[in-house]
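This report describes the fold, confidence and packing of a single protein chain. Please consult the sequence and coordinates alongside the text.

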Amino acid sequence: MTIFFDGPSLFYGVGTMQTLLRDFRYALRQLRKAQSFTVAAVLTLALGIGANTAIFSVVYGLLLKSLPFHDAGRIVAILETHPQVTGGAEATYPDYLDWRAQQKSFEQVAAYSVVNPSTVSLVVGGAGEQVHRVLASGNFFSMLGVSPLLGRVFSEQDEKPGSDHVAVLSATAWRRYFGGDARVVGRSIDLNGASYTVVGVLPPGAAYPAEGEVWLPLSLLDAPTQASRVWHSVKVLGRLRTGFGLAEARTDMQTIAARISAAYPATNRLEGVALVPLREQLVGVLRPAILSLMGAVLLVLLIACTNVANLILVRATANQREVAIRQALGADRVRLFSQFLAQTIMICLVGGVLGTALAWLTLPLLRLALTHTAGADLSLVESIGLNIPVLLLSLSVCVLTAILFGLLPVVKTFSSLADAFRPGDRGSTAGNRRSHGALIAGEIAIAVIVLFLGTLVVRSFQKLVAVDPGLRTDHLLSFEMTLPEPHYSDSSAATTQFYEQLLDKIAQAPGVVSAGSTTAVPLNPSEVMTRFLIEGAPPLAPGSFPYAQIRYVSPDFFRTMGIALQQGRVFERKDADSQANFFVVNQAFAQRHLAGRNRRSRSYRRDESTAFEHSRDWRGCECTRSGCGDGATARDISAGIRLARGAAGTYQCGAGEHRAAGEKRSAHVRSESCYLQCPGSR
């Protein structure tokens with residue numbers, strides 16, 4: 001048998017590998033000799049690559065990464081609109097049923113709710129845990145395209161009376177409270193004293209909304225909420241039919257909204273409908289800011305690359321005579337480029353590794369900032385990380401910059417040998433100056449752009465800091481607590497008594513000046529709103545009553561928060577039990593609705609859950625400064641009303657002063673945010 005093999009090719013491959021190893025060893029020696037250059041180039045690239053890697057991780061996680069739902073691009077949020085409500089809002093349960101029955105653009109329309117209440121008491125092993133509850137329609141998970149990890153998800157049958165005491169757990173809740181036991185399916189669990197059967201567990205990352213831990217059927221909404229066209233309690237999602245676009249669906253839903261407005265003018269006369277793609281709904285107002293930030297860090301990377309390019313050109317100029325001698329001795333351009341490329345690859349890879357490490361250290365801070373930024377969905381924020389696409393981008397940046405930087409000294413040194421050997425290098429002086437001048441001019445131009453953008457950001461931040469929020473923020477501590485049912489219920493006197501005793505004991509603690517509580521944290525909008533009619537005002541057409549936010553506060557809330565009083569008096573403890581139903585309004589409410597009227601002792605009629613035929617009289621007693629935590633901005637100051645805690649109605653829960661802006665929780669009497677004012681000068 002005769003065996004043939006390609007000997008030259010084999011030896012050529014071995015020789016190529018040996019040559020590459022020699023080039024990298026030579027590059028390492030050269031970089032060791034120029035330690036200042038090496039450190040400066042590596043750190044400069046690390047900063048540029050690190051900033052881009054971190055921000056691209058945010059861009060990928062929020063704007064590019066696929067949502068954990070089947071064909072998520074066809075899922076649309078359906079919002080109810082009103083001229084007095086910025087953006088869209090939740091729908092009422094009857095409106096949701098009408099939309100679902102009359103629409104022709106969606107394969108499925110589903111709804112979920114996080115109200116009444118958002119948290120429930122889960123008893124596991126004799127210990128109580130507060131878990132986030134979500135009420136979901138029977139087709140909710142099938143509309144999202146979510147398959148269970150264990151068991152099954154809801155069906156239409158689960159919404160029927162007698163079959164609705166079933167529960168679906170998130171993967172996080174399954175592991176946290178049940179230790180990941182696969183036998184949890186079919187097990188009965190205790191929620192607020194009632195028994196529910198676990199029918200399924202969701203896969204990791206598929207929980208929607210992200211804060212949800214246990215899902216129950218939407219039919220468990222209380223009867224008044226299901227019957228009310230005033231209480232906006234459900235969030236609606238729809239999956240577009242094949243062949244239907246967003247424009248056709250908008251036309252369809254607007255036709256339905258007009259039909260409902262004509263049928264129910266007392267509540268829906270000014271109500272409209274808006275359709276928003278699910279990703280846009282989750283990202284909110286962050287998209288322009290994120291893209292602007294990505295553009296800024298790209299400019300920073302350009303500045304870093306320009307700096308390194310200047311350093312490489314300076315070094316190439318210093319070594320130009322040496323390279324010319326090697327050319328004269330027979331070195332070809334490919335070999336020279338290979339050696340220069342080996343040096344730039346080592347610089348860029350080390351800079352890329354350091355930059356990636358810097359991005360990894362920065363990402364927790366970015367996630368924390370986004371968590372407390374309006375419009376950022378928790379599930380998307382938690383998905384931000386150094387994944388394969390982000391690392392591939394970092395590697396691509398390193399390779400591209402290495403090739404470009406490797407070409408620079410080659411182009412620089414491929415001048416004529418006569419110019420290279422001329423005494424003093426006078427022949428190449430003009431070329432050197434032009435090269436360095438062009439790079440410096442480009443770097444300055446980019447730096448000016450970045451400086452201008454940075455100045456705008458700093459000025460905007462200074463203006464935001466200078467805005468008086470209308471309340472005191474120093475020496476202030478806050479916490480949220482939710483009381484478990486059934487002992488502490490919406491109508492229980494024990495709930496009011498508990499908070500009164502708690503605040504009294506806190507106020508008497510050493511180092512505490514005062515203590516107060518509220519059902520909606522300051523500077524965040526309250527979901528509890530009311531329509532009202534001021535005594536003596538001209539009659540309004542059905543459905544034209546103005547809206548105002550409602551917050552329930554304790555008597556010492558204004559003192560604790562340092563909210564200044566313009567007229568009247570603050571609440572007293574007796575007001576909670578008074579039949580006079582006193583209330584407090586902010587300046588925006590007074591200017592908008594009480595202009596030219598006696599602001600004190602002005603009555604109005606309000607109700608949160610029924611039509612105005614069943615409303616009650618409330619008597620105003622004072623006016624506070626504008627803002628005062630009603631979600632006020634420079635362009636839109638929200639009218640706000642504050643009622644004495646314990647007076648009436650449901651309570652909006654907050655999550656403390658530092659809860660993620662824009663995150664909405666349910667209205668419930670058992671949940672309050674408490675604030676403590678500690679000693680200190682303003």
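## Confidence and overall composition

The average pLDDT of the chain is 76, and 74% of the residues score at least 70; pLDDT is the predictor's confidence in each residue, from 0 to 100. Residues 1-15 have a pLDDT below 50, and beyond near neighbours in sequence this stretch makes zero contacts in the model, a contact being heavy atoms within 4.5 Å. The pLDDT is also below 50 over residues 646-669, yet that stretch has 97 contacts in the model beyond near neighbours in sequence. Where pLDDT is low, predicted coordinates should not be read in detail.

The model is predicted: local features require pLDDT of at least 70 and side-chain atom pairs count only at pLDDT 80 or more, whereas totals for chains, interfaces and linings use all residues. Residues are numbered from 1 along each chain as its sequence is written, and side-chain values use heavy atoms, with hydrogens and water left out.

The secondary structure consists of 19 helices and 23 strands; these are DSSP runs numbered from the N terminus, helices being H or I of at least four residues and strands E of at least two. Of the 682 residues, 47% count as buried, where buried means under 20% relative accessible area, exposed over 50%, and partly exposed in between (1.4 Å probe, protein chains only). Among contacts between residues at least 6 apart in sequence, 79% join residues at least 24 apart. The chain exposes about 31800 Å², of which carbon and sulfur atoms supply 62%; the areas come from the Shrake-Rupley method with a 1.4 Å probe, and for residues only the protein chains shown count as cover.

Helix α2 (residues 35-64) has 30 residues and spans 40 Å from its first C-alpha to its last, close to the 44 Å expected at 1.5 Å a residue; the expected span is 1.5 Å times one less than the number of residues. Of the 30 residues of α2, 21 are buried, and the helix is thus mostly covered.

In helix α5 (residues 171-178), the buried residues are Ala171, Ala173, Trp174, Tyr177 and Phe178. Seen down the axis of α5, they fall within an arc of 165 degrees, so they line one face of the helix; the arc is that of the directions from the helix axis to the C-beta atoms. These buried residues pack against several strands, including β5 (119-124), β6 (127-136) and β10 (194-201). Glycine 179 follows α5 and has a positive phi, near 65 degrees.

## Nonpolar cores and selected residues

A nonpolar core is a set of buried Ala, Val, Leu, Ile, Met, Phe, Trp, Tyr and Cys residues joined through side-chain atoms within 4.5 Å. The largest has 48 residues, and Leu62, Phe140 and Trp215 have the most contacts inside it. Helix α2 supplies the largest share of this core, seven residues. A second, separate core of 42 residues includes Val76, Leu135, Leu191 and Ile260.

Asparagine 139 lies in the loop between β6 and α4 (140-144), and isoleucine 446 lies in helix α16 (residues 426-466). The table gives their relative accessible areas.

| Residue | Relative accessible area | Class |
|---|---|---|
| Asparagine 139 | 5% | buried |
| Isoleucine 446 | 16% | buried |

Not counting residues up to four places away in sequence, asparagine 139 touches Arg100, Gln108, Val109, Ala110 and Glu156, while isoleucine 446 touches Leu299, Leu302 and Ile303. The C-alpha atoms of isoleucine 446 and valine 300 are separated by 8.2 Å, although the two residues are 146 residues apart along the chain.
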